[in-house]
Amino acid sequence: MQEVGGFSLRCISGTDILRSFYQKWRGERIRAERAMLGGQQVDVPIPVHLQKDLVFWDFMPSDPAVEKLVLIARAFGILRQETNQKIKKDVIRYRKNSELDEDIVTLAANWEEAVQILELPDCRDDRREVQKQLDQLLEQAETDLQKQELRGRLETFLAERLRNEFRKIGQDTPQYLMEKSIIQEFIADNKLGSKLNLDDSNLNVPPNSNFGFSVQPENPLSKPPTNKDEPVNQLSSQRKFCSHCGNSLIEDDRFCSKCGTPVPK
């Protein structure tokens, strides 16, 4: 099946069928692109639309469960925005353990596309892997203190989103309200305890390298270096910051999750 024209069949009945063809094609294309990155020679599938450029993605409402998974995995650092050094563009990635080493999987070009891609039938394995890492993280939080620290991580993420992404309109931003609702529901569903007391000196849990982030709470007294040339090792051994943008880093980070700058060893 192919769609002809610029305005197209999307505006009439049968769009659900057309959407399934787009999803099938997009999934096959993703698999082909990953195979080529792995050194295999494969044919790229013929586009559903006759126009070469991708002029359409998805106008249907996203699956709420996938939206929730992407947001929570982003907050915990399972999904990260990093810079692809080859093309010099930001991409969304996750890491998974393999028999030989840790594999870095490029999932999407941006956060909106990450939701769309995880809905694809051909990308079920990606969705299962991200969900598995999230489930394992929750299972490891056995004590009340560990659960509180997970909650603190989510609340810190939400506060940073409000301060950086939604600062113009503030708490009335529809996207912020949606993300806040998702995080509050996740905290309640998983019984992640009450708010953290950041003055508690006992909140000191080592980072979990399997998931690429530390659940150690943010210290309000810790500030990123004001001089970009200032080495991060002058800070506390428990806290590191990106020497380029000042973003908070974790112990095992090799690149800044915000700007992609390599982290010196």
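Where in the chain is the place of V44?

1. V44 sits in the loop between α1 (15-37) and α2 (64-75), where helices (H or I, at least four residues) and strands (E, at least two) are DSSP runs, numbered from the N terminus. This is a predicted model, in which local features need pLDDT of at least 70 and side-chain atom pairs count only at pLDDT 80 or more, while totals for chains, interfaces and linings use all residues. Residues are numbered from 1 along each chain as its sequence is written, and side-chain values use heavy atoms, with hydrogens and water left out.

2. As for the overall layout, the protein chain has six helices and five strands, and their order from the N terminus is α-α-β-β-β-α-α-α-α-β-β. Of its 265 residues, 39% count as buried, where buried means under 20% relative accessible area, exposed over 50%, and partly exposed in between (1.4 Å probe, protein chains only).

3. V44 is partly exposed, because its relative accessible area is 46%. Together with M36 and V42, V44 forms a nonpolar patch on the surface, with about 220 Å² of accessible area for the three together. Patches are made of residues with over 30% relative accessible area and no salt bridge, like charges being joined within 9 Å and nonpolar side chains (Val, Leu, Ile, Met, Phe, Trp, Tyr) within 5 Å; a salt bridge is a side-chain nitrogen of Lys or Arg within 4 Å of a carboxyl oxygen of Asp or Glu. Accessible areas come from the Shrake-Rupley method with a 1.4 Å probe, and for residues only the protein chains shown count as cover.

4. Strands β2 (residues 89-97) and β3 (residues 102-108) run antiparallel and are joined by six bridges, two strands being paired if DSSP finds at least two bridges between them. They form a hairpin with four residues between them, and Y94 stands opposite V105 in β3.

5. E129 lies in helix α4 (residues 124-140), and E129 counts as buried because its relative accessibility is 14%. Leaving aside neighbours within four places in sequence, E129 is in contact (heavy atoms within 4.5 Å) with Y94 and K96.

6. The largest nonpolar core has 40 residues, and those with the most contacts inside it include I72, F76 and F186; such a core is a set of buried Ala, Val, Leu, Ile, Met, Phe, Trp, Tyr and Cys residues joined through side-chain atoms within 4.5 Å. Helix α2 gives the most to this core, with seven residues. Not counting residues up to four places away in sequence, F186 touches K68, I72, F76, L134, L138, L154 and L192.
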